[in-house]
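Subject: Handover of a structure and findings

Dear colleague,

Please find below the structure that I am handing over to you. My findings follow it, and I would be grateful if you read them alongside the coordinates.

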Amino acid sequence: MLPSPTAPQEMPAPETAPQSSQPASGAAPRAALAWALVAAVTAFAFQATIARTTGLIDDGGITLRYAERVATGAGFDYDPVGAINGASNPLYTLLLAGLLRLGIAPWMAVQAIGITCMAAAAGLLTHALVRYHCAAAAVFAFGALVTNNFLTSHLVTGLEAPLTILLVTALFQALHSRSQVWVGLCLGLLVANKVDGGAAALAFAAAFALAERRFPWRATAVAVATSLPIFAVLWINFGTLVPGAAATKIAVHESAHFDRTWVLDGLLAQGHPARLLYLAAGSTLLLLARRTRSIPLLTIGGWLSIHVAAYSLIDLGDPYPWYLVAPLVLLIPLAALLLERVLEVGLTPLPQRFRAGVGLGLVTVLSALAFRGSLTKLVLPGGGPDYLHPFTLSDLARQSTGAWLAANTSGTELFSSPFGLPAYEYGGPVYDPTGLNNVLDDSRNQAALYHITEVLEGPPAGLNHNCRLVVFFRFGEDSMGYAIHAARGSEVLASGVTFLPGVEERAPTPLDPAALKGASDRVRRRIAAWNDQVLSGNCPDWAGAQ
């Protein structure tokens, strides 16, 4: 590979394999930059088109509630009473809070971060592969990243996945630059983004020590300096750096049995191109016997191994899919490096001057065929201009309950909710009975004037927690239902407003689509259509509620 002529000699060259057998020896800096710009612009335009079919997920509501309270000066907490460190993604939360502080609408802020991060990630990954490896590997990696249904669906959920995608690719690029400063910056941001970013720091330290026989002190110092401001904010507000949600989940599930193969099963179940990528990653790691001084390969492969092992051994309650974002992105450059090796061997019989062109053309055609199915699903999901992915509907139902409650109360009464989206939309005082965002206190739960219940199927119960059913949302057969019960003395019962068509004779009080803070125009149109259906009496989901 051709190293950058101006790069500081702080780390060994990314690859020490002989150059003579390669299909391409790496492009000039300007050519690599041009490739990167084209990749970034293309990814931005593509993601801006398809991001409209998804929406916030429930844990994204938790992040938005923290961010909104920071932006308004209310404090870095979920609720001021019994606050604990429940923000497991502090860097993303503070970035989101900054955009909200500038007056950007919540949904627009989430969408801007998601689309921009994916575009930047595509550009960085393309630049690293074109500059230091070959254009064919870059074409494959671009397609695998940008057309991946799983990664795309997590860009606008309200969680830290977009930053994770960006920082994984930024670290891959920094490792090739041979600058410990840039590597340290990426590592510090990864740890500040989510505590499991520490796996990347461990992998790099081990890779550097193996290749250089010394410890990367400069990168370590930069990483600590980069993450220190975020850690200071956490310590000042909560007196701890450990996310309360993680500590609570580990304590609750420490003696439970769980499927320790779920991470591998999850990666293999993601469809294109996970099966190929997983096999490619395993094959790439076998090349370590030949490329023992490849710090990028050692770091990325080591990080993948640590991440998979950690989440396979530690039970955090449920196999949350966003835990797979980092390993799925890590598989992409590993697969690209294997592809490069295959081209080196397979194109050896060709004259040197033809290898790069033939390899690029071959990979472009094969990538187009391999990613065509996923691309079609993303661009043409069906269902018309107001189509929403089915997994969005249940989250929208619970989000709507909180928005309805906020629109029909003063927002000063205590609301008990284990869900993040209703708590975010409500905006008033909230008690989290799961203990993930506040200290457990049953007296507060009992004092709450509103409680939310998840209804898997059928109508909701008329009474719950000795409270009366007042609100119920379910957006079709693909959605779970969510009901709110109000206690005696609450503003809702006092005013007599309900959203229970078919149960009570008086006209229901529908949800104003404009009341949702975290919703796109497509979501608001869906709610408006639902209101029309409600007012027309065509809502069988409520029939039989007692």
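Helices, of at least four residues, and strands, of at least two, are DSSP runs numbered from the N terminus. On that basis the chain has 21 helices and 6 strands. Please note that this is a predicted model.

Overall figures. The chain has 546 residues, of which 54% count as buried. Its accessible surface is about 21,900 Å², and carbon and sulfur atoms contribute 64% of that area. Among contacts with a separation of 6 or more, 74% are between residues 24 or more positions apart.

Annotated spans. An unreviewed UniProt entry carries the annotation "transmembrane region" for several spans, including residues 130-151 and 158-175. In the model, residues 130-151 are 82% helix and 0% strand, with 23 Å between the end C-alpha atoms. For residues 158-175 the figures are 83% helix and 0% strand, and the end C-alpha atoms lie 29 Å apart.

Leu163. This residue belongs to helix H7, which comprises residues 161-177. Leu163 counts as buried because its relative accessibility is 8%, and the cut-off for buried is under 20%. Beyond its neighbours within four places in sequence, Leu163 contacts Leu91, Tyr92, Leu95, Cys117 and Asn193. Its C-alpha atom is 9.9 Å from that of Asn89, a residue 74 positions away along the chain.

Most residues other than glycine have a negative phi. Arg178, however, has a phi near 65°, and Arg213 has one near 60°. Arg178 sits in the loop between H7 and helix H8 (180-193), whereas Arg213 sits in the loop between helix H9 (198-212) and helix H10 (217-238). Are these residues buried or exposed? Arg178 is buried, since its relative accessible area is 4%. Arg213 counts as exposed because its relative accessibility is 67%, and exposed requires over 50%.

The sheet. The 6 strands make up an open sheet with mixed pairing, in the order E2-E1-E3-E6-E5-E4. Strand E2 (430-431) and strand E4 (463-464) are the edge strands, each pairing on one side only. Strand E3 (residues 450-455) and strand E6 (residues 481-486) run antiparallel and are joined by 6 bridges. One of the bridge pairs links Glu454 to Tyr482 in E6.

With kind regards

Technical notes
Residues are numbered from 1 along each chain as its sequence is written. This is a predicted model: local features need pLDDT of at least 70, side-chain atom pairs count only at pLDDT 80 or more; totals for chains, interfaces and linings use all residues. Side-chain values use heavy atoms; hydrogens and water are left out. Buried means under 20% relative accessible area, exposed over 50%, partly exposed in between (1.4 Å probe, protein chains only). Contact means heavy atoms within 4.5 Å. Accessible areas come from the Shrake-Rupley method with a 1.4 Å probe; for residues, only the protein chains shown count as cover. UniProt positions are given in the numbering used here, feature names are shortened, and annotations may be inferred rather than shown by experiment. Two strands pair if DSSP finds at least two bridges between them.
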